[in-house]
Amino acid sequence: MDTGLYPLGSCTMKYNPKTNERQAGLSGFSNSHPLLPESLCQGALRLMADLERFLAEITGMDAVSLQPAAGAHGELAGMLVIHAWFKQKGDSRSKIIIPDTAHGTNPASAALCGYSPVPVSSSAEGILSPEAIAAVMDEETAGIMVTNPNTLGLFENHLKAISEIVHAKGGLVYADGANMNAVMGIADMGRIGVDVLHLNLHKTFSTPHGGGGPGAGPVCVKKHLEPFLPVPRIVQKDTGQYALSEDFPESIGKLLTFHGHFGVLVRAYSYILSMGAEGLKKASQLAVLNANYLKEQLKDTFHLAYDRPCMHECVFSDRYQQAYNVTTLDIAKRLMDYGYHPPTIYFPLVVHGALMMEPTETESKEDLDQYIDALKKIAEEAKETPDVLRAAPTRCKVRRLDETAAARKPCLAG
Ligand SMILES: *Cc1c(COP(=O)(O)O)cnc(C)c1O
């Protein structure tokens with residue numbers, strides 16, 4: 001990430017300022033033991049309490065738990081909260097609406113809480129229509145789990161109307177906010193009608209990621225769901241001292257032995273303070289600008305799945321290259337020869353042969369132009385010398401690998 005564009009859609013691989021690393025490395029933070037008595041870790045507790053407040057403000061929610069260790073873990077926490085809320089009311093609902101543009105972890109998290117997913121197709125615009133939700137929402141359904149912006153990089157414009165439909169039937173709205181990069185300081189998810197939302201601090205709030213962690217997936221809720229958040233919660237006593245409290249009888253309990261990945265929390269805190277409210281908003285605006293620039297520059301070269309203004313990412317397909325028998329995989333592999341990490345491919349599933357690109361706000365116009373240029377050259381090669389693409393990569397240390405065999409039968413010796 002420090003040396004160039006890494007356009008892995010949905011993953012928000014952006015430059016992470018080194019100052020955030022330095023703060024996380026301060027010995028008072030990095031050497032503090034999770035079993036320290038409260039009197040010796042007031043600073044750490046205050047940082048966590050402040051971060052909860054900042055995240056509530058950024059998302060428009062009321063209360064936050066920093067405990068979940070990753071995005072999918074945050075989803076699980078959020079769905080457990082929803083489950084606990086219904087259970088307390090003696091209402092045992094069995095289904096949850098999940099659109100076809102949801103992130104793949106969404107149905108899995110819902111299923112872990114015993115909900116069966118009710119799939120809903122997006123409209124021709126690539127977003128949900130209130131009519132489609134009204135047709136399936138009933139009193140057996142706990143609500144909807146919607147990724148917003150969705151995995152096509154589109155904002156769910158009708159989410160407020162959809163929330164009203166879901167609420168009218170007694171349901172709740174879960175928003176997957178792993179990709180907040182386009183909407184920080186812009187969209188107030190609480191006012192849109194969202195009851196629960198998780199964030200991916202490692203994507204949006206400056207923790208280098210990939211390769212398996214660590215991450216953080218704070219779960220944010222509206223007031224009525226606060227009693228169910230995981231314990232321990234950070235509380236402030238009358239004396240002003242911070243403490244950890246397990247005294248929340250309706251809580252879903254503990255999700256981790258301790259308090260989440262603290263170093264990731266420090267990075268997010270440092271990032272938010274160093275950016276400031278205006279800086280965060282600007283970052284989102286630039287992320288959206290960059291993605292739309294990429295979209296406009298490349299839409300004659302690669303088939304654009306949905307030709308509408310996008311958020312932080314845009315999704316192309318290999319449709320124009322099919323005539324030359326060149327696939328998305330070939331294009332991605334050839335990009336490696338040009339020195340780029342490939343974009344996310346074959347996801348989202350609603351786009352056949354998807355190439356999902358997320359340039360992020362931290363790339364300059366010059367860098368974007370170079371990347372666009374490489375992709376245009378590759379499209380030319382697809383026409384003129386398609387074998388070059390099918391043989392790619394040829395300039396990397398290894399050639400095209402059998403990724404399935406590598407995952408299923410890894411050769412770990414030698
Ligand atoms: C990355 C992502 C997740 C999962 O996050 P992890 O930290 O990998 O568990 C969930 N939803 C969306 C939309 C994502 O982009």
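Is C220 buried or exposed? In this predicted model, C220 is buried, with a relative accessible area of 0%.

**Cysteines**

A search of the whole structure finds zero disulfides. C113 takes part in no disulfide, and the nearest cysteine sulfur, that of C220, lies 17 Å away. Viewed from C220, the closest cysteine sulfur is in C113, and a distance of 17 Å is too far for a bond. The cut-off for a disulfide is a pair of cysteine sulfur atoms within 2.5 Å. C113 is buried as well, with a relative accessible area of 9%.

| Cysteine | Relative accessible area | State |
|---|---|---|
| C113 | 9% | buried |
| C220 | 0% | buried |

**Strand β4 and its partners**

Strand β4 comprises residues 141-147 and is mostly covered, with seven of its seven residues buried. Strand β2, residues 95-99, is joined to β4 by two bridges, and the two strands run parallel. Within this pairing, K95 has T141 in β4 as its bridge partner.

β4 is also paired with strand β5, residues 172-177, through five bridges, again in a parallel arrangement. M145 stands opposite Y174 of β5. Strand β4 therefore has parallel bridges to both β2 and β5.

Methods
Residues numbered from 1 in each chain as written. Predicted model: local features only at pLDDT ≥ 70, side-chain atom pairs only at ≥ 80, totals over all residues. Heavy atoms only, no water. Buried < 20%, exposed > 50% of the residue type's maximum accessible area, 1.4 Å probe, protein only. Helix = DSSP H or I, 4+ residues; strand = E, 2+ residues; numbered from the N terminus.
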